[in-house]
Amino acid sequence: MTVTHDAGRRLSTEVEHSGAAPDIAAAAALLEMGDRLGVLDVIAPGRTFDSAAVAARADVPEEGAGRYLEALESAGLIEPASDGGSGFHVVADFDVILHRAGYISWTMNANRPFIEHAREFLTDPGTAYDAHQRDGRQVAVSSQWMGSLAFYPAALEVIFNAKPQRLADLGAGTCRLLIETLEQFPDATGVGLDLSAGACEAAREAVRNAGMAERISVVERSIQSIAEDPGPVEGADVIHAGFVFHDMMPEEEAVADKVLANCREALRPGGIMAITDAVPYLRNGRERLFSAIVTYYHRQFMGRKLLTEDEWEAKLGDAGFSRVETVELGFPTGRLFVARR
């Protein structure tokens, strides 16, 4: 086949337009494999590892672990250790790569049932939702990857400035936020609440690996349960809730209001509530595309109502909080609402 000069130039332009997409897609696949193998706490910043260590953690033959590391090294995700031995360490921007991969992992895989069964969800959403549930663990892990650089930093800044002795995290996922906070405040304790058994299992493992089993309690309970029993949040200096309140909207909005009111009462005087959540269908250039898929997933496939900034500020005021501040996050469509008791 003969390619004309103009066609060749057009093809070249199309290749240039692919940008970083192929790199991020490949990294997401390789890192998801690592998560499913359970080796991303071995293949991590600050660690030196080899095929034997990866094989032992994943309980796979060393030959297979070696081929996996070969792929990671070829992809530029890891590199030979500087001591000249047979080990590896992750590259300097590994955290950035993991963060970017999280967007693909969450959008395409954590929400895979919505994509594969789109016709059913558009025809009979209630029946489809009951039949096709997401993998709670993958939702938690991919959310952690996305949030590592996009919404955790803002939440952590607010929490660190409060210097908490007791921190409660509602919808704690893998308890990353709790672990990072307690690393900074060695006398503090925390509790992580999550409904997903898979997320709680991953959280308990992360807490054990961090040596914090005596300081962090992982509780498998719904956020809604705080409306009847606020025990887990009693006496907290800071209560954080990450992308969980919209799970009660719209049919349990009265329950959400009661949870907010109980959280306010449970806080110590001067305590704060920090809510990270998504707001719907934003039209600015930075957030428009990702906001569209986040809003559509939640409205069409989950039957959720995302509140606007104004609606959040009013709701927190109605719960008795004062001085509500709204922070725009690096995570497109994400906002941090900081309310004081």
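How many disulfides does a search of the whole structure find?

Mentor: Zero: searching the whole structure turns up no disulfides. Keep in mind that this is a predicted model, so everything here is computed. A disulfide is a covalent bond between the sulfur atoms of two cysteines. Take Cys200, which is in no disulfide. Its nearest cysteine sulfur belongs to Cys175 and sits 7.6 Å away, whereas a disulfide would need the two sulfur atoms within 2.5 Å. Cys200 is also buried, at 1% relative accessibility. Then there's Cys263. For that residue, too, the closest cysteine sulfur is in Cys175, but the gap is 16 Å, so it is too far for a bond. Cys263 is buried as well, with a relative accessible area of 0%.

On to the backbone. Most residues other than glycine have a negative phi, and most peptide bonds are trans. With that in mind, look at the bond from Met249 to Pro250: the peptide bond there is cis, with omega near 5°. You'll find Pro250 in the loop that runs between strand S6 (238-242) and helix H13 (253-266).

Asp59 isn't a glycine, yet its phi is positive, at about 60°. This residue is in the loop between helix H3 (51-58) and helix H4 (62-75), and it is exposed, with a relative accessible area of 70%. Thr333 also has a positive phi, near 85°, and it is a residue other than glycine. Its place is the loop between strand S8 (322-328) and strand S9 (334-340).

While you have the model open, go to Ser148 in helix H9, residues 136-150. Ser148 counts as buried, at 10% relative accessibility, because the cut-off for buried is under 20%. Its side chain reaches the backbone oxygen of Trp145 at 2.7 Å. If you leave aside the neighbours within four places in sequence, Ser148 is in contact with Asp95, His99, Pro153 and Arg176.

Terms used
Residues are numbered from 1 along each chain as its sequence is written. This is a predicted model: local features need pLDDT of at least 70, side-chain atom pairs count only at pLDDT 80 or more; totals for chains, interfaces and linings use all residues. Side-chain values use heavy atoms; hydrogens and water are left out. Helices (H or I, at least four residues) and strands (E, at least two) are DSSP runs, numbered from the N terminus. Buried means under 20% relative accessible area, exposed over 50%, partly exposed in between (1.4 Å probe, protein chains only). A polar contact is a pair of N or O atoms within 3.5 Å; within protein, one must be able to donate a hydrogen and the other to accept it, and residues adjacent in sequence count only if both atoms are side-chain atoms. Contact means heavy atoms within 4.5 Å.
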